[in-house]
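User: I would like to go through this structure by question and answer. Please keep it brisk.

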Number of protein chains: 2
Amino acid sequence: MARAVLFDLDDTLYNTTLQVRQARENAVKAMLAAGLDATEDEAFDALVKVVAEKGSNYTRHYDDMLKFLGVEPNSKLIAAGVVAYHEAKRAYLVPYPDTVATLLALRDRKYRIGVVTDGLPVKQWEKMIRLGLSDFFHTVIITDDTLEPKPSSQPFVKAAESLGLNPGDCVFVGDRLDKDIRGANKAGMESVLLVRGRHSSKKPSSEEDEPAWIVTRLADLLDILK
Amino acid sequence: MARAVLFDLDDTLYNTTLQVRQARENAVKAMLAAGLDATEDEAFDALVKVVAEKGSNYTRHYDDMLKFLGVEPNSKLIAAGVVAYHEAKRAYLVPYPDTVATLLALRDRKYRIGVVTDGLPVKQWEKMIRLGLSDFFHTVIITDDTLEPKPSSQPFVKAAESLGLNPGDCVFVGDRLDKDIRGANKAGMESVLLVRGRHSSKKPSSEEDEPAWIVTRLADLLDILK
């Protein structure tokens, strides 16, 4: 019988895919309104291309985007994009409708709950604070320089250890087969795939990515765990 | 007779001093609430000291602050500070009560209006956008790699040129004797000292820092220019 329920953060506790798309669209619209000479599609594609090339934590996306569009460097246009991006990012940084209720119900049933996530530790904590979730968890493991990222079993095992439990006592819930399910399976946890968000259409390519359960809402966990 | 009125940005069009102080206090309070083991004064002094040492555009103030306080690196504490800082910074990023009305009145009277400011161009534009002022000005000069900062006369002269005017046709309004008044005087503009905010208690130390006018509210400009 499970004693802990651990969660991935992005696209599991909130809709990261929607947030990022809305933020980028808002940035592009603001840049066009501020005078960027391009179509909305051209500008959006340029931004997506720069993020794909330079990674999401690069700090000069908009400079490179203008360069890619053949537009002279322009601080006003860049600032318009930055402000609009952050406004939308902030507005969409809210938990899924069933996240808080599900976490509270799990705590009421005496489960230990936690998060295992990749990403920059301060950024991931910023998200949890803005989501209103930073005080909910008995453990939070963020893979950093000292810990291999998912799908390594390392962060999963560390999460169980930090709760004084064996991985076999833990259920892990995430949206990505190649990161969450594979890693949790390797660690010996019971894996639950949340089919929601960007990676929802993928199918397991091998047995190691096979989830023990599939749910479409976090609230379904409460039935599985009965 | 003046044909243009140019403004400094920080502490002239909005209360930067108050904004920064509130943001730092909010950051410290949030870090204490998140478990930082220090008194509010110790934590505030540590933050101020780090900012003084590393400059305001350094990106790891809170890491250094914890180090200074002898506290282990802690992403949750740092994130608490970052989020609280930005929340307050955003809340206090509003024009002085008379800024918008004064700018509109100057435009109604057919003055050209503009901004001459030091700082990172994208950051300064972000402020103008969030202040709701980004479309008000006929010229915005931000000193960057290609332009000497105040009190050089260079950015002042460039602002006049960009409006097709001589510096003698321009009035310049700012809060700092050693930057705004000295630079405007050197460029041959009529200088107006706004006595408000952080640098308000200083007295001119030499003739080159002597303002032509002193005002305590932006709205007073409308009388001076009559």
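Analyst: Contact here means heavy atoms within 4.5 Å. This is a predicted model, where local features need pLDDT of at least 70, side-chain atom pairs count only at pLDDT 80 or more, and totals for chains, interfaces and linings use all residues. Residues are numbered from 1 along each chain as its sequence is written, chains are lettered from A and ligands numbered from 1 in the order in which they are written, and side-chain values use heavy atoms, with hydrogens and water left out.

User: How many residues does the contact take from chain A and from chain B?

Analyst: Take the two sides in turn. Chain B gives 18 residues to the contact, and chain A gives 18 residues.

User: How much area do chain A and chain B bury between them?

Analyst: Buried area is the accessible area (1.4 Å probe) that two parts lose on being put together, summed over both. Of this area, 66% is on carbon and sulfur atoms. The total that chain A and chain B bury is about 1700 Å².

User: How many salt bridges are there between chain A and chain B?

Analyst: A salt bridge is a side-chain nitrogen of Lys or Arg within 4 Å of a carboxyl oxygen of Asp or Glu. Asp135(A) and Lys76(B) meet in one, at 3.2 Å from N to O. Between chain A and chain B the count is six salt bridges.

User: Which element gives the most to the side of chain A that touches chain B?

Analyst: Helices (H or I, at least four residues) and strands (E, at least two) are DSSP runs, numbered from the N terminus. Two elements of chain A give two or more residues to that side: helix 6 (121-131) and helix 4 (75-91). The most, 10 residues, comes from helix 4 of chain A.

User: What relation holds when a rotation of 180° superposes chain A on chain B?

Analyst: Copies are superposed by least squares on the C-alpha atoms of residues with pLDDT of at least 70 in both. The rotation of 180° comes with 0.0 Å of shift along its axis, and the RMSD is 0.0 Å. Therefore the relation is that of a two-fold axis.

User: And how much of the contact surface of chain A recurs in chain B?

Analyst: The same surface serves both copies. The share of the contact residues of chain A that recur in chain B is 100%.

User: Which parts does the salt bridge of Glu40(B) and Lys29(B) tie together?

Analyst: The closest N and O atoms of Glu40(B) and Lys29(B) are 2.9 Å apart. The two residues sit in separate helices of chain B, so the pair ties together parts 11 residues apart in sequence: helix 2 (residues 40-54) and helix 1 (residues 16-33).

User: In the salt bridge of Lys54(B) and Asp64(B), which residue is buried?

Analyst: Buried means under 20% relative accessible area, exposed over 50%, partly exposed in between (1.4 Å probe, protein chains only). The side chains meet at 2.6 Å, N to O. Lys54(B) has 38% and is partly exposed. At 13%, the buried residue is Asp64(B).

User: Is Phe137(B) buried or exposed?

Analyst: Phe137(B) lies in the loop between helix 6 (121-131) and strand 3 (139-142) of chain B. Leaving aside neighbours within four places in sequence, its contacts include Leu13(B), Leu103(B), Ile113(B) and Met128(B). Its relative accessibility is 12%, so Phe137(B) counts as buried.

User: What distance separates the C-alpha atoms of Phe137(B) and Arg107(B)?

Analyst: Arg107(B) is also in contact with Phe137(B). The two are 30 residues apart along the chain. Their C-alpha atoms are separated by 9.2 Å.
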